Every structure is written in structure tokens, then in C-alpha cells.
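Dear colleague,

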Amino acid sequence: MTVHARIAVLPPHGHTLELHDVDLAAGPYEVVVEQRAFGVCHSQLDRIFDPGRSAAMVLGHESIGTVAAVGDEVTYVQPGDEVVTTWIPRTPLLGRAPAPTAVILADGTKATTHNTFTWGTHALVDEQYVVKAAGLSRDLGAIIGCALMTGAGAVMNTAAVEPGQSVAVWGAGGVGLCALAAASILGANPVIAVDIDDDKLKLARSFGATDVINAVTGDPVETIRALTAHPDGTRGVDVALDCTGRGANIPISLAAVRPGIRGTGIRGGADILVGIPRTPFLLDSFDLLNGEKSLIGCVGGSCDPVRDFATFAGWAAGGRFDAAALVTDRYALDELNTAVADLHAGRVGGRAVVEL
Ligand SMILES: NC(=O)c1ccc[n+]([C@@H]2O[C@H](COP(=O)([O-])OP(=O)(O)OC[C@H]3O[C@@H](n4cnc5c(N)ncnc54)[C@H](O)[C@@H]3O)[C@@H](O)[C@H]2O)c1
């Protein structure tokens, strides 16, 4: 069975997405999802503006919709099921790695992705990238598969933040706001947001930030040290998270992390690398070593999608996470290039979502 779809294709060269009419057929393990909404993540800008790209691509990796068709070997869902799509496999130990998706365009050429794509009226994804989502709101479903998974998961899983720990988040965008919300929900205090935009910092307060710092007009490291005086005499946050994707921020966020105390067994805090720096960065090796600090990479918030999406849905149902407030900018499918341009220019307050 084929499903007619209108999907966004990034041509081999240039930065402008084109809408193509295609017929999608689910491979043996694939699912076609008729979409209600999808999110626009900063990581896709890295692909759009990648100077080394030379092939047509399909993009996007978070959405909510209804299963329209399934391949012969699909057992997890059936047509009519409500699902969210994500990019972390649901059953990674199955012994079958999800195949890269390739869409055949009307002229016979291919547009590909290394895992999944959601930017279109329909998504074509391996069944490992869908999670059943009956009853989720459109806004929560649109952002749970990446922004919430990554930001909240980074706090809950990668850093395993405990009540009373101090947390600072650099970058109050789609991912960073979810990290702030999770830190607040898990009982961290203080919860400090650092950004370069006062409007984003204002929004950060409504997502649980107790303190905000504009990195252009203030000194984040000194301010954080002043906000975090520990009884043992040390200063700095237990956990810093960089959600900006700017490599130059990593040594700054590391400097704001609490050092360990020699002779006590108390080691320093952790800096979690969430944003994806596209260039190498230099670290103060003395700060890292002498403070017994950790720098920890984070992929998709170290999440198990089925387990953790249920937790996040519980936060939303209990009124502790407001997905509608995260979706600050809404677009139609034919406005996708505007959404991309707005995100690139820093004009998106929280998460941009395309509604279908
Ligand atoms: N590790 C993962 O698995 C994973 C998953 C998804 C996204 N990401 C990455 O996370 C990052 C954030 O994604 P997003 O969609 O939230 O982006 P976004 O554009 O919505 O947010 C980025 C935020 O960083 C702020 N910022 C920029 N420079 C800053 C600076 N010098 N100091 C403080 N704040 C600054 C911006 O104002 C913005 O609020 C990107 O690098 C993205 O590629 C990583």
C-alpha cells in the first residue's frame, strides 16, 4: 500500500527546502505516520548549513500523528494507532539496526536520512522510532521525541540530578527550557538559566529557573559562584548543562561547576554536553583535573523512549510541564523555510512547531 504525501526535501546544494509530492510505501519494518504536528530542532540547521553536503536529504525527528500504513513485519503498531516519532530506537537490543530511510522522488532520484524524517504531511520511519501515544496533546507529542527527550533526559538520566542539587543551563531554547523544567520538577535548587536574549530568559523563569543570567551583560561564572556557596566552602553548581551548541561555552560552563574537596572523597560536579558543537573546543585541563570535575556527553538525554516518555507525559498530565508554553512559534507546512530562518536568526522563543 502506498500513501500519498507532501514532504520537505533539502536539495543537494543550497539551504531552501522544497515541497515534493511523493508516494510512500512502508518497507517490511517501516511505518507511515500521518502527522498532526512536528518540531523544528536546531540540530537540523547543522544539516541544512553543512557545507560538505552533496546529496538530497529529508529532515526532522520529532512528531505526533496516526499510523497510516505498516510493513509486513511490523508488530508494535497497526493503522489507526496514535504515535509519536523520535530518533532514539525503542528496542536497541533487538539485534536489528533500523535501516536508513530513502524516499524516491517523482523524478526517480532519492532523498535520504541516516535515521528518520518527519518534515512533511507524513513520516516514514522504522517501527523502532515510534512510541504509542494515545491521548497525548498535539503540542506535547510534537516536542516529546527530541526537545523534551533530550533536555529533560539530560537532567534526569545523564546527570541524574537529585533534590537540592544546584543546576545551571546554558541556552534557554527548545532543549534548554526542557532541561530547566526537569531540573525544577526533580527538586533542584537553585535552577539557573544562562542565555544571551532577555526574552528567552523571561520564558526560562516560567519553566522553573530561579535565577537568570544574560551572558552578554553579565558574568555567568562569577554570578553562579555567588549564588552557590556550599557549607564546605566550595562554590559552583553541581551540574551544568550546555544546550547552546557553541563550543566556546564549554570551558565557561565547566568553570561554573563546583570543584571537589581533596582528602574527603568528594569529587567535583559535572558539565553535561548537550548542544552539538560543530567546531573543536579548548578546555582548561587544570580546572578539569584539579577540580575532579566531569565532562559528560549526552545523546537524546540518555533516554529509553518508552519508559521516559511515560514519565514526561505524567509531568504534563499533572500540570508540572506545559508543552503548549514551549511551542511559542507555530507554522504551516508551506512556511517551513520561514520556521528554519526564524530559528537560525534566534527569533524562535521556545520550540517552533509545524501544524498540519
Ligand atoms: N545531544 C543531543 O542528543 C541533542 C539533541 C537535540 C539537539 N541538540 C543540540 O542542542 C542544541 C540546542 O538545540 P535547540 O533546538 O534547543 O536550539 P535553540 O536554537 O532553540 O536554542 C539555543 C539557545 O542557545 C542560546 N545561546 C546561543 N549562544 C549562547 C551563548 N553564548 N550563551 C548562552 N546562550 C546562548 C540561544 O539564544 C538559544 O536560546 C543544538 O546544538 C542542537 O543541535 C543535541
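**The ligand and its surroundings**

The shell around the ligand draws on two domains, taking at least three residues from each of domain 1 (2-135 + 322-355) and domain 2 (151-300). Please note that this is a predicted model.

In total, 29 residues surround the ligand, and the closest of them are H42, D195, V274, G300 and R351. Sorted by class, the shell around the ligand comprises 13 nonpolar, 11 polar and five charged residues.

- D195: a polar atom of the D195 side chain lies 2.6 Å from an oxygen atom of the ligand.
- G300: here a polar backbone atom is 2.7 Å from an oxygen atom of the ligand.
- R351: an N or O atom in the side chain of R351 is 2.8 Å from an oxygen atom of the ligand.

Taken on its own, the ligand has 870 Å² of accessible area, of which the protein covers 92%. The elements that each give two or more residues to the shell around the ligand are helix 1 (42-48), helix 2 (138-158), helix 3 (174-185) and strand 11 (191-195). Helix 1 supplies the largest share of that shell, namely three residues.

**The chain as a whole**

The protein chain contains 10 helices and 17 strands. Of its 356 residues, 54% count as buried. Along the principal axes, the C-alpha atoms of the protein chain fill a box of roughly 65 × 40 × 35 Å.

How does the radius of gyration of the protein chain agree with that of a compact globule, and what is its value? The protein chain has 21 Å, and a compact globule with 356 residues would have a radius of gyration near 21 Å, so the two agree.

**Backbone features to inspect**

P190 itself is placed in the loop between helix 3 and strand 11.

The next is A160, which is not a glycine and yet has a positive phi of about 45°. A160 is found in the loop between helix 2 and strand 10 (167-170).

S302 lies in the loop between strand 15 (294-297) and helix 8 (305-317). With a relative accessible area of 37%, S302 is partly exposed.

Finally, I would draw your attention to L140, which is located in helix 2. Why does L140 count as buried? The reason is its relative accessibility of 3%, since buried means under 20% relative accessible area. L140 and V84 are 56 residues apart along the chain, and their C-alpha atoms are separated by 9.5 Å.

With kind regards

Technical notes: Residues numbered from 1 in each chain as written. Predicted model: local features only at pLDDT ≥ 70, side-chain atom pairs only at ≥ 80, totals over all residues. Heavy atoms only, no water. Near = heavy atom within 4 Å. Polar contact = N/O pair within 3.5 Å; in protein donor to acceptor, adjacent residues only side chain to side chain. Areas by Shrake-Rupley, 256 points an atom, 1.4 Å probe, with all protein chains shown as cover. Helix = DSSP H or I, 4+ residues; strand = E, 2+ residues; numbered from the N terminus. Nonpolar A, V, L, I, M, F, W, Y, C, P; charged D, E, K, R; others polar. Domains from an automatic or database assignment. Buried < 20%, exposed > 50% of the residue type's maximum accessible area, 1.4 Å probe, protein only. Rg over C-alpha atoms; globule rule 2.2 N^0.38 Å.
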